[in-house]
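My notes follow the structure below.

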Amino acid sequence: MRPSFPSAEHCLETSGFLFSHPCERAAATQCMRCQKPVCALHMRMLDGEETVCVSCARTADNGDENRDASSSDYDEDDPSYYYDDYGYYGRGAWTTAGGSHDKNDFTEADGESLRREDDASFEEDLGGS
Amino acid sequence: MRRQHWRLYALGGGLGHLTRASALARAAVARGHAVELLTNSPFAPGLPLESLLGPGAVVHRLDARLDKPATVAAVTAWLTATPCDVLVVDTFPRGLAGELAALLPTVRAPRVLVHRDLNPVYVERFDVARAVDAFDLLVVPGEDAPFAHHPRAVRTAPWLLLDADALQPREEARRRLGLSASASRPLVAVLGCGRPEEVVEAGDTASQLRRSLDGRAEVRWLVPTGAETAGALAVWPALAVLPGVDVLVGSGGYNTVQEARATGTPLAAWARSRLYDRQALRLTGSERVVDAVDLEARVQALLEEAGAPERPASYVNGVHAAVEAIERVALSA
């Protein structure tokens, strides 16, 4: 039985890579599987025809819904098609259990590259890109 | 196909935005289109862009030192000068200074966003999702990005400024890098790009590597044409000579990383701090170094592995698929 969600104007997915928090963007559509309202950022297309939320997309990626592992190895629609080991976006990044560490996980060395995330210079520092 | 008039917005510091936009411009010009490219890269004045892009391209170079109001005024004048068939914006859907949010509604031509990764704090804080919706097409050049799953997004392989057949053969590239025909030592190239001060830092890195390698390899400090300085070798685009490079040392910018991967050039790179780009996420663990000691050890190890480098004979340049997708959008208007 599918869960039901009350009518909502906001996306009910969570956002944030390091610190998870409610998305709260305006919902653009409903997940075709669980009916959850989601914004464009948290919407995914499965097989080019099914609009689903990120959670259902992850579930589908686990191989339990019409997924052929052999053919998916060559799926150009997979964002990691061109890089099997591309950082945290790599193939399988969504399906790795939280307990293990990937070689591309963040380390202290990444702090320098990300230290400006709170920088107030966006759209002001024209040479800072 | 009818000759189209493309306008490419490639504002942004360093060489990255300009190089990616130049790849697109070069491929579009080769298809017979007229392209106007707008850049404020501090390196643009010294680069022979017109000769690389071809006779169908016009490059508008804004002074990188312009302040925000002056830059916005220049962009406004450029955008409203004459009609075009398509407007292509690199990376910044709101514009580098946020100016496109107000200007885009006045542009009648189809709009295309070249969509690469963006700092999620910026995406959240400036409602970039809304800005993205103003575009008719999002082209994702080989890397994942916040809106890569947008219904109007298409993905391509990474974009490169040159196709594989335009690269110099290994021996020719080594000569271009200052090695004689009889020289047998491997070559380490330290790429000076990014910010102007990082170009200078690359020179220090090259000196340090030269000392630590103690004659086991040639070391070259490469800088873009126009940024010549004592001890540096001006080569642009560096992609052309990568077949002659045994180990590339640089940062984790889009072009450096994609060019190294496409050509199979071993890369040792550190993640530079950027306002919008997240280089640490682009680099893999085997590519990324964390400090000078790590760099020296990695370069040594790569040189030991580089005895008989297996380089791909060719590569897919996603810029051609991008040109075709943009042509279709321009035609549909």
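I count two strands as paired if DSSP finds at least two bridges between them. Helices (H or I, at least four residues) and strands (E, at least two) are DSSP runs, numbered from the N terminus. I note that this is a predicted model, in which local features need pLDDT of at least 70 and side-chain atom pairs count only at pLDDT 80 or more, while totals for chains, interfaces and linings use all residues. Residues are numbered from 1 along each chain as its sequence is written, and chains are lettered from A and ligands numbered from 1 in the order in which they are written.

First entry, on a sheet of 7 strands. I found an open sheet with parallel pairing and the order β3-β2-β1-β4-β5-β6-β7 in chain B, with β3 (57-61) and β7 (153-156) of chain B as the edge strands, each pairing on one side only. Within it, β1 (residues 5-9) and β2 (residues 34-39) of chain B run parallel and are joined by 5 bridges, and B:H5 stands opposite B:A34 in β2(B).

Strand β11 (residues 247-251) of chain B pairs with β12(B) in the parallel sense over 4 bridges, where B:L248 has B:L267 as its bridge partner.
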